[in-house]
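Today I'm going through the salt bridges in this one. I want to know who pairs with whom, and how buried the partners are.

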Amino acid sequence: MFGRRSKNHRQFASVTLPIGLGVTAGGLTIALLVGWTLILARNEPLQSTSLLVLGIVSYIVVIGALAALSWLVVRQMREVSRQDSFIDSVTHELKSPLASIRLALETLERPQLKPEQREQLRVMMLGDVDRLSSFIDDVLEASRILHGRKSHLIQDVPIAVVARECMAAVAKRRTIPEGSVVMTMPESLQAHTDPTALSTMLRNLIDNAVKYSKPEAVHVAVNAEAYGAQVAITVRDQGIGIPRSQLGRVSERFFRVPSEAVRSRPGTGIGLFVVKALAQSLGGRLVVDSEGEGFGTTVRVWLPRGDDERQ
Ligand code: ADP
């Protein structure tokens with residue numbers, strides 16, 4: 001109910017501005033046209049300076065309104081194209097684990113299967129279910145954030161404990177060699193934050209770092225350091241990197257860097273959007289950096305530091 005009301009409100013707000021701009025520009029253009037026509041028809045010399053200033057200001061407002069309208073149209077077109085590619089990615093994200101589960105279930109029907117083969121299929125299906133459920137969690141989280149329905153349970157959270165859990169979950173899901181993801185941080189370091197949100201953020205960042213690395217060379221470092229009343233949690237990889245021109249856009253909803261290296265990997269473009277929104281709602285921020293394509297990526301989340309462990 002609340003979600004629908006806020007969605008309607010957003011839709012209303014998103015059409016009010018372009019309509020308002022269009023009406024203003026249209027009204028002023030008509031007023032200018034009528035005014036100038038009357039002056040020309042009467043063949044009067046333009047004596048009033050205030051009338052002249054009013055005409056020039058109106059003209060500038062019309063040009064400004066048209067420029068703003070064009071910008072809104074471009075923004076809307078970008079959003080539509082991002083939504084199209086999101087729908088393609090969602091279809092893929094839902095269909096591929098389902099197809100894999102179906103195949104595993106059909107294989108399980110074979111009576112001659114050995115117990116270890118059954119176990120292998122069971123683990124495979126569990127992995128697919130995990131992949132589906134973390135994807136659904138991300139979509140729901142994005143929807144909660146967008147509808148302003150996100151509430152947090154703030155407490156002092158040991159970062160190392162959460163980071164270790166997330167690293168284990170990603171390693172299980174992506175089946176990477178041991179030691180591919182390395183963690184360095186004081187065990188005592190705490191963030192003053194929501195543990196579930198911290199876990200969602202770290203899982204997303206570590207998963208991205210592994211996913212966007214070359215499969216034969218996954219080297220991911222997870223660090224956390226204290227800076228006064230804040231902690232910086234950093235996930236650094238040596239993967240495909242991000243073109244510097246796209247750095248500002250990667251945390252936009254549904255945005256994926258338009259490159260073959262990214263397209264060939266599954267994804268929907270909501271992970272970093274969720275991480276950024278969560279970090280901001282927890283009084284922190286997200287910073288994404290890369291030296292460019294092929295030079296790896298460094299993603300840093302700043303959060304308030306936990307009180308208990310402060311020296
Ligand atoms: P996706 O589901 O596509 O991974 P995200 O929101 O997590 O969505 O990331 C948005 C985009 O940012 C990705 O599609 C990718 O282009 C880029 N990106 C994110 N993390 C990394 C990384 N560690 N290395 C390279 N590119 C990344």
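Predicted model: local features only at pLDDT ≥ 70, side-chain atom pairs only at ≥ 80, totals over all residues.

**Salt bridge notes**

I started with Arg-173 and Asp-207, whose side chains form a salt bridge with an N to O distance of 3.4 Å. Arg-173 sits in helix α4 (residues 159–174) and Asp-207 in helix α5 (residues 195–211), so this contact ties together parts 34 residues apart in sequence.

Buried or exposed, what is Asp-207? I get a relative accessible area of 8%, so Asp-207 is buried. Arg-173 comes out partly exposed at 30%. I also found Arg-174 here: Arg-173, Arg-174 and Asp-207 are linked in a network of salt bridges.

Next I looked up Arg-253, which makes a salt bridge with Glu-79 at 2.9 Å, N to O. This pair links distant parts of the chain, 174 residues apart: Arg-253 is in the loop between β5 (230–237) and α6 (260–263), while Glu-79 belongs to helix α2 (residues 49–108). Glu-79 has 16% relative accessibility and counts as buried, because the cut-off for buried is under 20%. Arg-253, at 23%, is partly exposed.

How many salt bridges does a search of the whole structure find? I noted 13.

How values were computed:
Residues numbered from 1 in each chain as written. Heavy atoms only, no water. Salt bridge = Lys/Arg side-chain N within 4 Å of Asp/Glu carboxyl O. Helix = DSSP H or I, 4+ residues; strand = E, 2+ residues; numbered from the N terminus. Buried < 20%, exposed > 50% of the residue type's maximum accessible area, 1.4 Å probe, protein only.
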